Amino acid sequence: MTSLREWIRRLWGALTRRRADRDLEDELASHLELAEADLRRQGYAPREAARLARVRFGGPARAIEDLRAQRGLPWIDTWWLDVKLGLRMLRKSWGLTLVGGLGMTAAISIGVVVFAFSDMLLESTLPLDEGDRVVAIQTWDATAQRRLPTRIADYERWRASLRQVVDVGAFETSERNLILDDAAAEPVEVAEITASAFELARIPPRLGRPLIEADERAGAEPVVVIGHGVWQSRFDSDPEIVGKTLRLGASVHTIVGVMPDGFAFPVNHGLWIPLRTHRSDELRAPPTGSVFARLAPGASLEGAGAELETIGLAAPPTSSVQPAVQPAVQPSESTADSAAEHQIHPRVVPYTFGFTGDFEGPQVRWVLRIVLVLITLLLVPPCANVAILVYARAVMRQEEFATRFALGASRARVVGQMFVELLVLAGAAACLALLATRTLFRFFESWQGEEMPFWIDFGLTAETVLFAVGLATLAAAIASLIPALQATRRLSRSALLGTSSRGSLGLGGLWTVLVVGQVALSLAVMPSAVELAWGTLRTGVLGPGFAAKQFSSARVEIDEPTAPGHERGAAAATRFGAIRDELVLRLQGVPGISAVAWAASVPGDEPWIHVEVEGRTGPEDGIFAGRELIQVAESSPRPLRGPAGLAMITPAGAALRRARSPPPRARRRSPLRDSSASRSPGLQGSSAAPE
Amino acid sequence: MPADEPRKKTEHPAKTEVLRGTLDLMVLQTLASLGALHGYAIAGRIEQVSSGSILLNMGSLYPGLMRLEQRGLIRAEWGVTENNRKARFYSITRAGRRQLETEKREWENMVGIMYELFRQET
């Protein structure tokens, strides 16, 4: 059995080939000199002695070949020779190199980008001590396959009962106006979070202290922990910052600590204030509200999940839908019936997975596998094209192959050489694809990096590089093996006959099928491609369909220091409505403004919402959006409500099909229920919206 | 070979094929007995011991020496012969001596088995 030492020495021998060659030649020459000297001592003439020495011990040339084989790693030498030959052939067939290389680069780039992105989102772990043991605990609606807001009662129950996890905590993200004495107010995202988060993170503050449990109690002094970025940008890295105050919306908070650079738990936060769970019945909808924990020493994710299933929810949920569109309206009977039909249970998932959307762990991995397989199939069309070109070139190289065969090369050796040639091309394409992916990620990082969770690493992982290598190998195999096998099929016969078989290697049935298949595939995808391209370019080419330049839009938000969706949320909605109406009135008085309208979102940027329509199911588990929702509305016997003012429609030049004020009964029992759990103030402010 | 087994000698000894795996053992034993030697001397010693039955050409000897060196059983360094010629001298390492002892035991064991087998059948 070859030992590691021998492999290392062989590798070293392969790397120091030239020096070792000189040593070998010197040693064999010395051997022959000694033999000749002996023979001369026995009375032979010098010339005869030299001849006999060579007869007796063999020629040095053959011995050096044997020694070279023993010294290095022969397959590396062979492979390197093929690589050099491949580079030469690529330079010679520059047309094939250009076309094939670009096609492969495009296909590999798509695969690498998708893989790298999914790897980044799904396989990331928190950059904390034992960050892979931090988990999210969710309330999961198995029927609708989505996360629900966690009720405070459930959170308290889990925190008191779970033994497989420690440092159980929760957070909500809210947007506040950060107001400093010498600067304009600026909206910032604030994490309302339990003190356990800082124990879970195991990162001490740079200055002062983290949040503590006492800060969460009702009546405690409002405090805030600020991040390194806020400390630098807003307070000029003031070393005496602890004890000073800042305003978040209407409340003044005392700064008690500064976290070190890079700390942004739970998502991408730079300001942390205590979460006071007694103010509301439930956390905000995920991912803006979530429960987190750390697996206890020795505990597993499966064990924690089993324990959580046993403990369950505090009480059967009464509703799985959130009254976001109609916050003041109590859940109807049909809502309760619908909730009963839902299988709602708690689940524990890796923390970072808790932010990837409404997916089951195995489900998303299966989806990912299928997507990767489909993406891998994208390699086939460009590689089939390259294969045809390679085959055409192989026909031209028949004499070369026949000569090599006659000199002792096997068919496998010739096929292997063609594979390596294409591997060189595909390898270059993979390098370009990785470079393109890195560039794209750098661009994405500069564009969206600050919005992304702090654990997202925009670098290329070893897995991504391996995936690119795999795609390159597959591409080389697709593009080379079939043409190589086809072109060398009659190699032995032509070599033996001493004739070229070029004339007999026409495009056979296989190639006809390939060409026809490609044309068919191109025709099949063309309508979809045209529709997709037109859908993307239509607005740019034709415009939005109205005189967009005559319109201006602005976003209006108010501080919402308490959890919405309940009485205080309704109060906030009322306050927002009053501010909005006042703003509209003022704007209507501004010269040059002909009309003022409001909406939850500007046309074309409507949020996706989950709705259930009585007697109708959506295209995807009851999810309607945009045009589909309008189509349902047109065919629905009952009226639908939209989050827009009447004036929003008329200035845009659209005619209302039906419009009337909602009767009280329709308000109480609407056929359309929003179950998105979305709680933006704009949506809440739509309670007075016309139908 | 057992001492009581008379060796059949001829005037022109027939060349003997080196059994697979035995060249390493021969080289190690030669170096263990005589100390550092260059390749030509090793080949000469084996030829002498085998009474000319085993003639090692360079294509057999040097890959074997390189294999042993790669395995760390022998080491090599350039030196000068007594006739003032430059040559590469090989010497056995501690690992080589251990390997030699192990292989010698195995070889003697195998020879004993073969001898018993042949003796019983005759």
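What pLDDT does chain A average, and what percentage of its residues score at least 70? Chain A averages a pLDDT of 76, and 75% of the residues score at least 70. The model is a predicted one.

**Confidence**

- Among the elements of chain A, strand β6 (residues 223–226) has the highest mean pLDDT, 95.
- The lowest mean pLDDT among these elements, 35, belongs to helix α23 (residues 681–684) of chain A.
- In chain A, residues 499–503 have a pLDDT below 50, and this stretch makes 10 contacts in the model beyond near neighbours in sequence.
- Residues 563–567 of chain A also have a pLDDT below 50, with 15 contacts in the model beyond near neighbours in sequence.

**Nonpolar cores**

- The largest nonpolar core contains 54 residues, and A:Val135 and A:Val224 have the most contacts inside it.
- Strand β3 (residues 165–179) of chain A gives the most to this core, contributing five residues.
- Apart from neighbours within four places in sequence, A:Val224 is in contact with A:Leu246, A:Leu248, A:His253, A:Ile255, A:Leu271, A:Trp272 and A:Ile273.
- A second, separate core has 40 residues, including A:Tyr391, A:Leu422, A:Ala430 and A:Ala433.
- In soluble globular proteins, nonpolar side chains tend to be buried together.

**Contact between chains A and B**

- Where the two chains touch, 22 residues of chain A are in contact with 17 residues of chain B.
- On the side of chain A that touches chain B, at least two residues come from each of α1 (4–15), α2 (17–41) and α4 (60–71) of chain A.
- Helix α2(A) supplies the largest share of that side, eight residues.
- By class, the residues on the side of chain A that touches chain B are eight nonpolar, five polar and nine charged.

**Packing of helices α6(A) and α16(A)**

- Helix α6 (residues 94–122) of chain A packs against helix α16 (residues 462–487) of chain A at an angle of about 145 degrees, and their axes are 9 Å apart.
- The crossing of α6(A) and α16(A) is right-handed.
- From α6(A), the residues that meet α16(A) are A:Gly100, A:Met104, A:Ile108, A:Gly111, A:Val112, A:Phe115, A:Ala116 and A:Asp119.
- From α16(A), the residues that meet α6(A) are A:Glu463, A:Thr464, A:Phe467, A:Ala468, A:Leu471, A:Ala472, A:Ala475 and A:Ala479.
- The contact of α6(A) with α16(A) comprises 11 nonpolar, three polar and two charged residues.

Key:
Residues numbered from 1 in each chain as written. Chains lettered and ligands numbered in written order. Predicted model: local features only at pLDDT ≥ 70, side-chain atom pairs only at ≥ 80, totals over all residues. pLDDT = per-residue confidence, 0-100. Helix = DSSP H or I, 4+ residues; strand = E, 2+ residues; numbered from the N terminus. Contact = placed C-beta atoms within 7 Å. Core = buried A, V, L, I, M, F, W, Y, C linked by C-beta atoms within 7 Å. Buried ≥ 20, exposed ≤ 12 C-beta atoms within 10 Å, placed from the backbone. Nonpolar A, V, L, I, M, F, W, Y, C, P; charged D, E, K, R; others polar. Axes fitted to C-alpha atoms, helices over the stretch in contact; angles between N-to-C directions. Left-handed = near helix turned anticlockwise from the far one by under 90°.
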